[in-house]
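Me: I would like to go through this protein label by label. For each one, tell me the value and the rule behind it.

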Amino acid sequence: MTRFIYDQFSKDYLEELLKPYGEVQAPKRVAGEVREIDVFFAPSSQQNSNLETLGLLGRFAATPAIFEPFRNAASKDEICDCLLKLLEVRGELQREANRNKTSIAESAIPKLWILTPTASTTLLSGFGATQRVDWVSGVHFLAEYLRTAIVAIHQLPRTPETLWLRVLGRGTVQNQAIDEFVALQAFHPFRKAALELLYNLQKNLLVAQNPEEDDRELVMRLAPLYQQDREQAIQEGEQRLIIRQLNRRFGEIDSSLIERVRELSIEQLEALGEALLDFSALTDLEVWLTRQEG
């Protein structure tokens, strides 16, 4: 049950991060026996340097890409199934090229990125996967013409570059990534959207039957974070309301006064909302703020 919950979360998460930079299909059906690619990404024709915001994930998305995320360690058979999907896509491109009497540009063939929490030495050896000196540890490439890499998330270095991928890990790795993610500046372009997806994941896990230990720990980890985020949203809403009322009543308010209002707690903001009904001038506000600060 929880595997399907995580599958949907992973697809939504990758789609949310990648959609500013190109076309995302999650899932995408391919020919032959009915198979679905978890996430198919085609970057926009105008390369966007902002892909660097996504670190290693952005590097993966610099060219057409297939993403196949796994909650549990991908098995030999599951990796073979991913390779079949890639070959089906390549076959579609070849058939289209034949119809148009053209050849396929190598850059048009997507690369397959298999995202798995762990990958054993035996598994990697069986697929002939190797690491490259110009890539971080944890990214294991198959033979060149297969255009495939197995990304062992728990082997990725703990750096900002790998953050967006480590969120898809398990246990300690995922919890550490969430801590780093929460510490991002509030105005980070993907912070809010990714948090909402994590909260949705938490709600789905709460109603899941027989959750695993990792799932229960994740729910507990996200619970105070969710509460903190809700309280912050309420506080910001109160701030906007109070500042709008002050501007309407006294005209444009000095930025230093606005900053002092922003530093008030929710309780103080509610008290200010009642008190300002009796204010006749901005000096009343200054006196009230001074009392609160004292």
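Reply: Start with Asn175. Setting aside neighbours within four places in sequence, Asn175 is in contact with Glu217, Leu218 and Arg221. Contact means heavy atoms within 4.5 Å. Asn175 sits in helix H6 (residues 171-182). Helices here are DSSP runs of H or I with at least four residues, strands are runs of E with at least two, and both are numbered from the N terminus.

Me: What kind of model is this, and how are residues numbered?

Reply: The model is predicted; local features need pLDDT of at least 70, side-chain atom pairs count only at pLDDT 80 or more, and totals for chains, interfaces and linings use all residues. Residues are numbered from 1 along each chain as its sequence is written, and side-chain values use heavy atoms, with hydrogens and water left out.

Me: Why is Asn175 called buried?

Reply: Buried means under 20% relative accessible area, exposed means over 50%, and partly exposed lies in between (1.4 Å probe, protein chains only). Asn175 has 18% relative accessibility, so Asn175 counts as buried.

Me: What makes Arg191 buried or exposed?

Reply: Its relative accessibility is 12%, so Arg191 counts as buried. Arg191 belongs to helix H7 (residues 191-206).

Me: What share of the protein is buried?

Reply: Buried residues make up 43% of the 294 residues. The accessible surface comes to about 15,800 Å², and carbon and sulfur atoms own 49% of that surface. Those areas come from the Shrake-Rupley method with a 1.4 Å probe; for residues, only the protein chains shown count as cover. The secondary structure comes to 11 helices and nine strands. Of the contacts with a separation of 6 or more, 62% join residues 24 or more positions apart.

Me: Which residues with a positive phi are not glycine?

Reply: Lys101 and Arg147 are two such residues. Lys101 has a phi of about 55° and lies in the loop between H3 and S6. At 78% relative accessibility, Lys101 counts as exposed. Arg147 has a phi of about 50° and lies in the loop between strand S8 (139-141) and S9. At 13% relative accessibility, Arg147 counts as buried.

Me: How do you know that the buried residues of H10 line one face?

Reply: In helix H10 (residues 266-275), Leu269, Leu272 and Ala275 are buried. Seen down the axis, the buried residues of H10 fall within an arc of 120°, so they line one face of the helix. The arc is that of the directions from the helix axis to the C-beta atoms. An α-helix has 3.6 residues a turn, so residues three or four places apart point the same way. The face of H10 turned away from the buried side carries the exposed residues Glu267 and Glu274.

Me: What makes a space a cavity, and what makes it a pocket?

Reply: The work is done on a 1 Å grid over the protein atoms alone. A cavity is a set of points where a 1.4 Å probe fits but cannot get out. A pocket is an open set with protein on both sides within 12 Å along at least five of seven lines. Lining residues have an atom within 4 Å of a point. Grid points are joined across faces, edges and corners, and a volume is the space filled by probe spheres set on the points.

Me: How many cavities of 30 Å³ or more does the rule give?

Reply: The count is one. The largest cavity holds about 70 Å³. Its lining includes Tyr6, Asp7, Phe70 and Gln174. H1 gives the most to this lining, with four residues.

Me: What is the volume of the largest pocket?

Reply: The largest pocket has a volume of about 290 Å³. Of its 16 lining residues, the closest to the centre are Arg3, Asp7, Asp38, Phe70 and Glu78. By class, the lining has five nonpolar, one polar and 10 charged residues. Ala, Val, Leu, Ile, Met, Phe, Trp, Tyr, Cys and Pro count as nonpolar, Asp, Glu, Lys and Arg as charged, and the others, Gly among them, as polar.

Me: Which element gives the largest share of the second largest pocket's lining?

Reply: S6 does, with three residues. This pocket holds about 250 Å³. The lining has nine nonpolar, two polar and five charged residues.
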